[in-house]
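Good morning. I will take one structure today and go through its strands and its cores. Please keep the sequence and the structure in view while I talk.

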Amino acid sequence: MSSLEELYAGTGIGNAKGTVQPILDVVAIHGLNPIGSETHAIDTWQDKKSGNLWLRDRIPREQPNARVFLYKYNSSPVFGHSLGGILIKQAMVNALANPIYRDIQEATYGLVFFGTPHGGSGDGWKTKFGKASVRIAQSLPGRTSNDVMEALKKGSSLTDTLQEAWRHQLDHYQIVTFYEGIGEVVPQHSATLGLPGDREVEIGIQAKHGDMCRFDPDVSMDEANYSFVEGNVLELCERASQLGEKNHPTMDRKQEETSNPTSSTGSNAKSPVSNLEDDALQHRLDLLRA
C-alpha cells in the first residue's frame, strides 16, 4: 500500500494561462520499516521532542514555490524496497528505460541521499550493501524478523542489473550525499558515490544513522546539522526553479495564498493529495518502484 501526502502546496507563480502553480516538487521517501510502524514515513523526518517536521515547517519558509510531498510505501524488504535511497535509484532507472515515464527522469534535477548504502565499487559491493542494510535494520527500535534479516543479507533490494544501469545515468543529476558522523551503520565510503565535486557534494552529519533526518531546533548540534541540510536542499531547489522558469515563461511573477491553510508558514499542513495531477504522480511513482 502506498500514498502520496502533500505537506505543503507551494504558493507558486503565475503562468501563461493566468493560473498559479508550483515551480518544483520535493518528494521525500523514507527508508526501511521492518517493524511495520504506521507512522514511520513521518517519524523518519520529524523530531519527536519538538515536533519539528522540517520538510513542512522550515523548507517552505525559504522556498515557498516548492510543493513538498511525503511518499509512503510498504518498505519491507520482501518487496525489494528496503531503503528509500535505493528506491529512488530504481525509479530513475525505470523512468529512463520506459519512454512513458521519461519525463519524470528528465524533470528530476537533484537527488539527496541520507545514509543510503550505495555499497561502493568493486566485486564486493553487493556483500557490503547487504551488511550495511543489516546494520540499518539492527539499529532500528523493535525486533526485526529473521525473514527481513535474511533478505537484507542477500542484498535482495539491489540487483547487479540495477547497479549497472544506475552507474550510466549519474551525470544526469546534481547529487548531495549525507553520511553519519556518529557510528558506522553506513560508513562514509558506502554512503557516498565518489563522484567529482561538481556532481556530488559529500557532507557528514554529526548524528547517528537513525537521527540523520530529524532535527530539534532547541539543540545546537541539531541546528548545525540542519543548516547543512537546508543550505544544500535550497541550493538544489533554486537551481531547479531557475530551470523551471526558463522552461515555463510567466506573464507576471507573483506570490499568492492558496487554499491550503498553511501556505504562508507550512506549520500545520497535512492534507491528503486529491487532485488528478497529484494522483497521477503517485500512480507513476508506484509503477516506477515496481
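**Strands, sheet and cores**

Strands E7 and E8 are paired in the parallel sense, over six bridges. Two strands count as paired if DSSP finds at least two bridges between them. Helices (H or I, at least four residues) and strands (E, at least two) are DSSP runs, numbered from the N terminus.

Before going on, a word on the model: it is predicted, so to speak of local features I need pLDDT of at least 70, side-chain atom pairs count only at pLDDT 80 or more, and totals for chains, interfaces and linings use all residues. Residues are numbered from 1 along each chain as its sequence is written, and side-chain values use heavy atoms, with hydrogens and water left out.

Now back to E7 and E8. They belong to an open sheet of three strands in the order E6-E7-E8, with parallel pairing. Why is one side of E6 and of E8 left without a neighbour in the sheet? Strand E6, residues 110-114, and E8 stand at the edges and have a single partner strand each, so one side of each has no neighbour there. From one strand to the next, the twist averages 15 degrees. The axes behind that angle are lines fitted to C-alpha atoms, for helices over the stretch in contact, and angles run from 0 to 180 degrees between N-to-C directions.

Thr177 has its place in strand E7, and its bridge partner in E8 is Glu202. Is Thr177 buried or exposed? Thr177 is buried, because its relative accessible area is 0%, and buried means under 20%, exposed over 50%, partly exposed in between, with a 1.4 Å probe and protein chains only. Leaving aside neighbours within four places in sequence, Thr177 has contacts that include Phe113, His118, Ala191 and Ile203. Contact here means heavy atoms within 4.5 Å.

Ile203, in turn, lies in strand E8. Ile203 is also buried, with a relative accessible area of 11%. Not counting residues up to four places away in sequence, Ile203 touches Val176, Thr177, Phe178, Tyr179, Phe228 and Asn232.

Next, strand E1. This strand covers residues 3-8 and contains Ser3. Five of the six residues of E1 are buried, so the strand is largely enclosed by the rest of the structure. Ser3 itself is partly exposed, at a relative accessible area of 29%. Ser3 and Tyr73 are 70 residues apart in sequence, yet 6.6 Å apart in space, C-alpha to C-alpha.

Which strand pairs with E1 over five bridges? That is E5, in the antiparallel sense. Within this pair, Glu5 stands opposite Leu70 in E5, and the bridge partner of Leu4 is Tyr71. E5 also pairs with E4, in the parallel sense and over six bridges; here Asp25 stands opposite Arg67 in E5. E5 is mostly covered, with six of its seven residues buried.

Leu70 brings us to the cores. A nonpolar core is a set of buried Ala, Val, Leu, Ile, Met, Phe, Trp, Tyr and Cys residues joined through side-chain atoms within 4.5 Å. The largest one has 31 residues, and those that touch the most other members are Trp45, Trp54, Leu55, Leu70, Phe114, Phe178 and Val229. Among the elements that give two or more residues to this core are E1, strand E4 (24-29), strand E5 (66-72) and helix H10 (220-247). H10 gives the most, with seven residues. Apart from this core lies another, of 21 residues, including Phe69, Met92, Val93 and Ile104.

As for Leu70, not counting residues up to four places away in sequence, the residues it touches include Ser3, Ala28, Ala41 and Trp45.

What about cysteines? Cys213 counts as buried at 9% relative accessibility, and Cys237 counts as buried at 4%. How many disulfides are found in the whole structure? The search finds zero, where a disulfide is a pair of cysteine sulfur atoms within 2.5 Å.

Last, the protein as a whole. Its secondary structure comes to 11 helices and nine strands. Of its 290 residues, 51% are buried. Among contacts with a separation of 6 or more, residues 24 or more positions apart account for 77%.
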